[in-house]
Structure formats: C-alpha cells, structure tokens
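Okay, thanks for having me up. I'll walk you through the ligand sites in one model today, so let's get it on the screen.

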Amino acid sequence: MAQMYFYYSAMNAGKSTTLLQSSFNYRERGMTPIIFTAAIDDRFGKGKVSSRIGLQEDAELFNSKDDLYQILINFSNAGKIDCVLIDECQFLTKEQVYQLTEVVDKLDIPVLCYGLRTDFLGELFEGSRYLLSWADKLVELKTICHCGRKANMVIRQDEAGNAIADGNQVEIGGNDRYVSVCRLHYKEALGR
Ligand SMILES: Nc1ncnc2c1ncn2[C@@H]1O[C@H](COP(=O)(O)OP(=O)(O)O)[C@@H](O)[C@H]1O
Ligand SMILES: Cc1cn([C@H]2C[C@H](O)[C@@H](COP(=O)(O)O)O2)c(=O)[nH]c1=O
Ligand SMILES: [Zn+2]
C-alpha cells in the first residue's frame, strides 16, 4: 500500500538534495521515479531540480492549473512509474494535493513531496497546509540558525539586508533574499 510523504523544512535544509538522493536510490534498484518541480521556480533553469551541493536532474514542471492525477495516469500508461517526487510542493494548490492523494490511493504509487512549511511571515503555504493535513508521513528536515538552534523560520530581506514584514507570499529567490533562522532570531530581526 503506497503512502504520501511530506518532507518539510526552512530553506537550505537539503530538501532538494534529499529528493535527488531518493531518485538515485530508486534508479539504483532498477526502478523509475518521476520528478516534478514548480514552473514558477526557475532559479536553476526550467525543468531541473538542483541542490546547492551540485546534484541535478531533469524534472517535469507543474503549474497551478495542472491536473496532476490525470498527468500521472498518462505517464503511467506510457510506462511503469515506481515513485513520484515533487520539489517546491508548497506551491501546490489544495486541489493538486488531493489529486496526489488519488495517485497514492488509486494508482498505488508512493508520492514524496519536499517543500517549505511556512512563508516569510510564518504563515502556511496552501500546498503545505494540505500536505500537513493529508500526508501519511510528516518528516522534518532540519537546518541551523547562526546561533546553533534549529532554524524553523525564514526571513525575507530587502537589498540592504533588512527583514521585510509585508509583501506577496510568493517571491522566488535564494540566499540573496532569504535567511533561515530560529524563531527567536526571526522575532528579533522583525523587531518583535
Ligand atoms: N557550495 C556548497 N558546498 C557544499 N554544501 C553546500 C554548498 N552550498 C550549500 N550547501 C549545503 O547544501 C544544503 C542545501 O541543500 P538544498 O538541497 O539546496 O536545500 P533546500 O532544497 O532545502 O533549500 C545546505 O545544507 C547547505 O549548507
Ligand atoms: C520563505 C519563502 C520562500 N519563497 C520561495 C523562495 C524559493 O524560490 C522557494 C524555496 O526554495 P528552497 O530553497 O528550495 O526551499 O520558495 C517564497 O516564494 N516565499 C516565501 O515566503
Ligand atoms: Zn537563532
């Protein structure tokens, strides 16, 4: 019986690295994983999952209009799929998380999702909200604040390096815009 997994963390915790390692493990055993990532996140080139330590693989792109259940039925009719790996899963819609539960429950294919739990304001992303609600297994990946505590918050910075307290939820970026910190240092950065 397949299951749905949600691997979540702040930024820079190794989510993409872990995804690529899982893909490698499946392939090493002669199995076929399929990787998806968000079309809006084009930091490392469209249709690629890259980790900051240099691993990289091609990926299918999803956007908010895609029916992931139908797409995966089409892929599995064209050849066996042993596992679905989704990077940047915080950008999934509620509907798409439901479609992925159908992939698990009706197609019996495991779905492993990797993404942020919360945004720069500490609010859940839509995809993360429903993954936290519906996934079979929740796995926290950890990274560390400059003080040594677990970093479970992410600061968005302006060009001068000051923490920002308003703006759109989605803004693609990397180390230039975001810093993962512990809750204490998050509050401190926002003057709370
Ligand atoms: N140049 C580098 N060499 C080795 N490790 C690095 C380098 N840059 C970043 N890392 C490490 O890679 C990890 C980030 O991996 P990544 O999979 O991209 O994270 P996430 O997807 O969670 O943002 C961090 O632990 C970071 O310290
Ligand atoms: C906190 C936060 C992040 N994002 C964006 C920034 C990146 O493009 C991705 C996360 O990348 P990761 O290193 O693979 O975890 O999400 C955003 O749009 N809004 C936010 O609040
Ligand atoms: Zn800290």
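So where does ligand 1 sit? Ligand 1 is in the largest pocket. A pocket here comes from a 1 Å grid over the protein atoms alone: an open set of points where a 1.4 Å probe fits, with protein on both sides within 12 Å along at least five of seven lines. And "sits in" means that more than half of the molecule's atoms lie within 2 Å of the pocket's grid points.

Quick housekeeping. This is a predicted model, with local features needing pLDDT of at least 70 and side-chain atom pairs counting only at pLDDT 80 or more, while totals for chains, interfaces and linings use all residues. Residues are numbered from 1 along each chain as its sequence is written, chains are lettered from A and ligands numbered from 1 in the order in which they are written, and side-chain values use heavy atoms, with hydrogens and water left out.

Back to ligand 1. The residues around it, meaning those with a heavy atom within 4 Å, include Met11, Lys15, Ser51, Arg52 and Ile53. By class, that shell has three nonpolar, five polar and two charged residues; Gly counts as polar in this scheme, and Asp, Glu, Lys and Arg as charged.

Now the polar contacts, which are N or O pairs within 3.5 Å. The side chain of Thr17 puts an N or O atom 2.6 Å from an oxygen of ligand 1.

What about ligand 2: which residues come nearest? Out of 20 residues around ligand 2, those are Lys15, Glu88, Phe120, Gln169 and Glu171. The shell of ligand 2 splits into nine nonpolar, three polar and eight charged residues. A polar backbone atom of Phe120 is 2.8 Å from a ligand 2 oxygen, and a backbone N or O of Gly173 is 3.2 Å from one.

Last stop, Glu57. Glu57 counts as buried because its relative accessibility is 18%, and the cut-off for buried is under 20%. The side chain of Glu57 makes a 2.6 Å polar contact with the side chain of Ser23.

Note on methods: A polar contact is a pair of N or O atoms within 3.5 Å; within protein, one must be able to donate a hydrogen and the other to accept it, and residues adjacent in sequence count only if both atoms are side-chain atoms. On a 1 Å grid over the protein atoms alone, a cavity is a set of points where a 1.4 Å probe fits but cannot get out, and a pocket is an open set with protein on both sides within 12 Å along at least five of seven lines; lining residues have an atom within 4 Å of a point. Buried means under 20% relative accessible area, exposed over 50%, partly exposed in between (1.4 Å probe, protein chains only).
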